[in-house]
Structure formats: C-alpha cells, structure tokens
Amino acid sequence: MENLNFDTLPEDLQKEILSRCIPLETLGVCLCVSKQWRSLIRSREFEDLYLSRWLTADNDVVLLLFDLLLP
C-alpha cells in the first residue's frame, strides 16, 4: 500500500483543508511546519479563501490579526 500523507494531496485540497480547519490563532504556527505549508499559507489565493471563511462581524480584528501573523 502506498504511503500517503498531507503533502501528497493536490494543493487545492490542501488549501481547502487548512482554510476550514485551522483557527487564526494557530495559523502562524503552521508557517513553521514546512516550506510547502509556508508557501501555501502565504499565497494570495489562500489568504482570500481563508478570510472568506473566517470573517466575522468583527472584520477589522480578523484582518489585523491575519496581517500580523502573516506579514
């Protein structure tokens, strides 16, 4: 049986999983997992996807935290 892990999933699926499952407070830690995750999380496409899922009534706080965690 083939050894499958997160890195073998298509990038679009990785973005979907991370954007749905990782709270903003933890997203900064995910930058340290691997170069691939760092690149994926810092992409404009991921940022747009993530913010569209996690924006709340307090949008300014979420945007500020996102900018602070992911300069």
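**Salt bridges and a helix contact**

User: Which residue does Glu47 meet in a salt bridge, and what's the N to O distance?

Analyst: Glu47 pairs with Arg44 through their side chains, at 3.4 Å from N to O. A salt bridge here is a side-chain nitrogen of Lys or Arg within 4 Å of a carboxyl oxygen of Asp or Glu. Keep in mind that this is a predicted model: local features need pLDDT of at least 70, side-chain atom pairs count only at pLDDT 80 or more, and totals for chains, interfaces and linings use all residues. Residues are numbered from 1 along each chain as its sequence is written, and side-chain values use heavy atoms, with hydrogens and water left out.

User: How far apart are Glu47 and Arg44 in helix H4?

Analyst: They're three residues apart, so about one helical turn separates them. Helices are DSSP runs (H or I, at least four residues), numbered from the N terminus.

User: Glu47 then: buried or exposed?

Analyst: Buried, at 18% relative accessibility, while Arg44 is exposed at 54%. The cut-offs are under 20% relative accessible area for buried, over 50% for exposed and in between for partly exposed (1.4 Å probe, protein chains only).

User: How many salt bridges does the structure hold?

Analyst: Six. One of them joins Lys15 and Glu45, with the closest N and O atoms 3.3 Å apart. That pair links distant parts of the chain, as Lys15 is in helix H1 (residues 11–21) and Glu45 is in helix H4 (residues 44–54), 30 residues apart.

User: What's the relative accessibility of Lys15?

Analyst: Lys15 has 3%, so it counts as buried. Glu45 is partly exposed at 46%.

User: And which residue does Arg53 meet in a salt bridge?

Analyst: Glu16, at 2.4 Å from N to O. Arg53 lies in H4 and Glu16 in H1, so this pair ties together parts 37 residues apart in sequence. Both are partly exposed: Arg53 has a relative accessible area of 31%, and Glu16 comes in at 27%.

User: Switching topic. At what angle do H1 and helix H3 pack?

Analyst: About 75°, with the axes 11 Å apart; H3 covers residues 35–42. Axes are lines fitted to C-alpha atoms, for helices over the stretch in contact, and angles run from 0 to 180 degrees between N-to-C directions. H1 is therefore roughly perpendicular to H3, a label that covers 65 to 115 degrees.

User: Which residues make the contact?

Analyst: Glu11, Gln14, Lys15 and Leu18 of H1 touch Gln36, Trp37, Leu40 and Ile41 of H3, where contact means heavy atoms within 4.5 Å.

Terms used
Helices (H or I, at least four residues) and strands (E, at least two) are DSSP runs, numbered from the N terminus. Angles under 35 degrees count as roughly parallel, over 145 as roughly antiparallel, 65 to 115 as roughly perpendicular and the rest as oblique.
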